[in-house]
Every structure is written in structure tokens, then in C-alpha cells.
Amino acid sequence: MPIFDRAHTDDLLTFLAASPTPYHAVANAAARLDAAGFRQLRQAAAWDAAGAGGFYVIRGAALIAWYVPEGAAPHAGFRIIGAHTDSPNLRIKPRPDTGSAGFRQVGVELYGGPLLNSWLDRDLGLAGRLVLRGGDATLVHVDRALMRVPQLAVHLDRGVNDNGLLLDKQQHLTPVWGLGPVEDGALVEFAAKEAGVAAGDVLGWDLMLHDVTPPAYLGRDLEMIAAPRMDNLVSVHAGVQALLAATQIGAGAAIPVLAAFDHEETGSESDTGAGGPLLGNVLSRVTQSQLAGSTDDLARAMAATVCMSSDMSHAVHPNYPERHEPGHRPALNRGPALKINVNQRYATDGLGRAIWADVCERAGIPSQFFVSKNSMPCGTTIGPITAAKLGVTTFDVGITALSMHSARELGGADDPFLLASAAAVFFAE
């Protein structure tokens, strides 16, 4: 087992704090790639036979990055690490300015499947992108206590501790951000000022809320981490670091690819999601444009391609052990878990299991299994979607965590480094 690298987890926590939205996650990943000499390619531009090197494409809040080794054959397969940039949260409605009882409030829409109660009584910031005249966009990140969704006092809800908290998604999750009368346009004007642009130039936006409490180590021995958006920026960060490592230590015969999609939490059916054409189009152009390959070369490349779908997994919860499959007990800091569901909610089969076992053996890291109880249906990932969309061998893995989809999740401090170590070996084969 490799020595735990605290520097990797330190860097992850920095990345999480700087990435309150999928747009920021993509921008921060791209900045790391730029620093390593990767080139951004435009989808609307011609891709010439550029030879070896690192490249990436950004579309919205999705990023596809790859590294072409020296002498790569036109029929070279791909080693893909698939992840997603989005997390469940509260997003700003088109006409956000509202209020009641003397409070200025902000209308929000639920994105994905957040644990609603985890957003109560937290100091919330505002972040996202503003789309300007002409189609340019700028990012905004207000990382201070700006809003709050206050919970009803126990004196006014006497049964809450015995009967449970019931939240109306429309009525009870509207954050407050000031006192006084409602002012139409106030929120967008505020966001524009924070971004340093004229409010009149903002024609569209994708804004959302985030918990401003910084990521932190937790526990007597600092063996855990508490942070927002671990699902699934831990995998994005691991994929970026593994791709950068491939440029230093060399890749294998295949071309390493990081596919960081948006909209996984809502089903992946978008132009930037795993269900869209983005990844397939990029891989086709790498083979046929950059490597001057034929249609037959592309078919051969796809047949030789393997995808490691990397998303979070559940550790056994100490207060709810009965919710977990009794024969498989994944825990924190015992390595990434291979995720298996025979009904193809996860894409892993026997071949994928063998590939993963070989990767872990080569990396010298431990691994676990995650399987849901038969009476407890599991979630899904980009894995089955990617496998069906591209027709490539795919398996699902992920580090274990508690409180998944909470505004603040809990994981092991060792596991991110172990996942990144496995990712680097996966790329090098």
C-alpha cells in the first residue's frame, strides 16, 4: 500500500473550495492543464494532425482532455476516466427576487437530488456564470455569508424531533438575503457588480448557492475530510492529476482521456452530459483528424477502449448498518470500491472486475466492493450510459463516503490519493 500523500488531499481541498460550481471546476481543471502545456481546441475549428501532446475541449461545464503519446498509432485505443462536474444544490430561478414578512429572499430551484435538510441554517454564497452580450461568459464567486435558509424554531414545530422534519420544496427552501422591500433585478445586479461587469450586459446566467464553510480535515487523527461537492469533484481532481502524471511518466499504448461531464445528477441527457455526443465526437476527431486515421481505424480504436467510470460510493453508515448489504461492508480509507449491479445500474462485469484488480495490484492499493441490498435499489452513474453510447468496456469505481448529496459530505482522508494512484496506473497500461 502506498504511503498516504497528505499533499494530494491538501490540494484536493483547495480544488474543492475553489470550485463552487461545475463551471468553476472546469475552469480550475483547465488552468492546471494549461500550466502543463495542454492546448485548448475549439469544437468549431479544424483539428489538424498535431502530433503528440496534451489537448482539451470545454463545452459549458464539461471538459474532455487527452494526451497523445509520441508515435501513437491511428488505431490506438483510449483509456477513459469518466466523471462529472455537477453536484446537487440550490439554483437561482429566472426571476429570483422575492420576499415575505419584511425579508428579501431569492427564488431557488432544486438541482438533482439534494438532502434538503442539509441546506438549512448554513451560511451560503453565490457562484456561477454570467452570459454577456455577444455570448461571452464570466464567472462569479461570492464566497461569503450572503444567504441562509432558516429552519423553523422548535417552539413553532413541537413535533419535529419525534415526527421528523417535513419540508415543502417550494415554500420552505427560499433563502433570505436581506431586509426590506423586494427589488426586481437586485440579485443579478449584485452578481454583475461582484463579477466586475455591467448589469445591462448580462443577458443570461447559471447561478447557484454553495456552503461557504471551507473543506476541512476531521477526526482525532485527522483521518477524515468534510467538504462540499466531493461527489464528484474528487474524481475530477483525481483524473486531472492522473492525466498530468501521464505526461511526465508516459502513457501506455492507449491514449489517456479525462471526460468530466455535466448534468449527471439529472440523468446525463444534455449536450454536455454523458448521454450526449460530446465524448464520441471528440474521440472520433482525435483518431480521424489528429492521427489521420480511417473509419476502420476508429472502429479498431473503440474496440480497444476501456472506460473507468469514477463516482462516489457509500461506506457503511455506523448509525444505519441495516441499510447496507451484509456481505459487502465498504469503509473509509480502505481504498476505492468497485461498484457492481447486475441490472446495469453500474457497468462493471467480470472483464471490468479483472481489469480493475490488475490496476490495483500494479498500483499497490487496496480495493473494496460496493453492492446494494436487494431491497434497496441503488443509484447509477455515467458508466452504463458511456458503455451503451460508445460500445466500450466500462467498469464503475468510487471512493466511499457518508452523507452523499448533502451540502457537506464526509470521506476518508487517504482515499482520494489511493484513487488518483489507481487512475495513474490505469492511464499507464
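Is the crossing of α2 and α5 right-handed or left-handed? In this predicted model, the two helices cross in a right-handed manner. Helix α2 spans residues 22-35 and helix α5 spans residues 230-249, and they pack at an angle of about 15°, with their axes 10 Å apart. Because angles under 35 degrees count as roughly parallel, α2 is described as roughly parallel to α5. On the α2 side, the contact is made by Ala25, Ala29, Arg32 and Leu33, while α5 contributes Leu233, His237, Val240, Gln241, Leu243 and Leu244. Sorted by class, this contact has seven nonpolar, two polar and one charged residues.

Three cavities of 30 Å³ or more are found in the structure. The largest cavity holds about 130 Å³ of space. Its lining is formed by 17 residues, and those nearest the centre are Ser87, Pro88, Asn89, Trp119 and Arg229. Strand β10, residues 202-211, gives the most to this lining, with four residues. The lining of the largest cavity is made up of eight nonpolar, six polar and three charged residues.

The second largest cavity has a volume of about 50 Å³. Around this second cavity sit Asp97, Thr98, Arg104, Gln105, Trp177, Val182, Glu183 and Ala186. Strands β5 (89-100) and β6 (103-111) each supply at least two residues of this lining. Here the classes come to three nonpolar, two polar and three charged residues.

Notes. Residues are numbered from 1 along each chain as its sequence is written. This is a predicted model: local features need pLDDT of at least 70, side-chain atom pairs count only at pLDDT 80 or more; totals for chains, interfaces and linings use all residues. Side-chain values use heavy atoms; hydrogens and water are left out. On a 1 Å grid over the protein atoms alone, a cavity is a set of points where a 1.4 Å probe fits but cannot get out, and a pocket is an open set with protein on both sides within 12 Å along at least five of seven lines; lining residues have an atom within 4 Å of a point. Grid points are joined across faces, edges and corners, and a volume is the space filled by probe spheres set on the points. Ala, Val, Leu, Ile, Met, Phe, Trp, Tyr, Cys and Pro count as nonpolar, Asp, Glu, Lys and Arg as charged, and the others, Gly among them, as polar. Axes are lines fitted to C-alpha atoms, for helices over the stretch in contact, and angles run from 0 to 180 degrees between N-to-C directions. Angles under 35 degrees count as roughly parallel, over 145 as roughly antiparallel, 65 to 115 as roughly perpendicular and the rest as oblique. A crossing is left-handed if the near helix is turned anticlockwise from the far one by less than a right angle, and right-handed if clockwise. Contact means heavy atoms within 4.5 Å.
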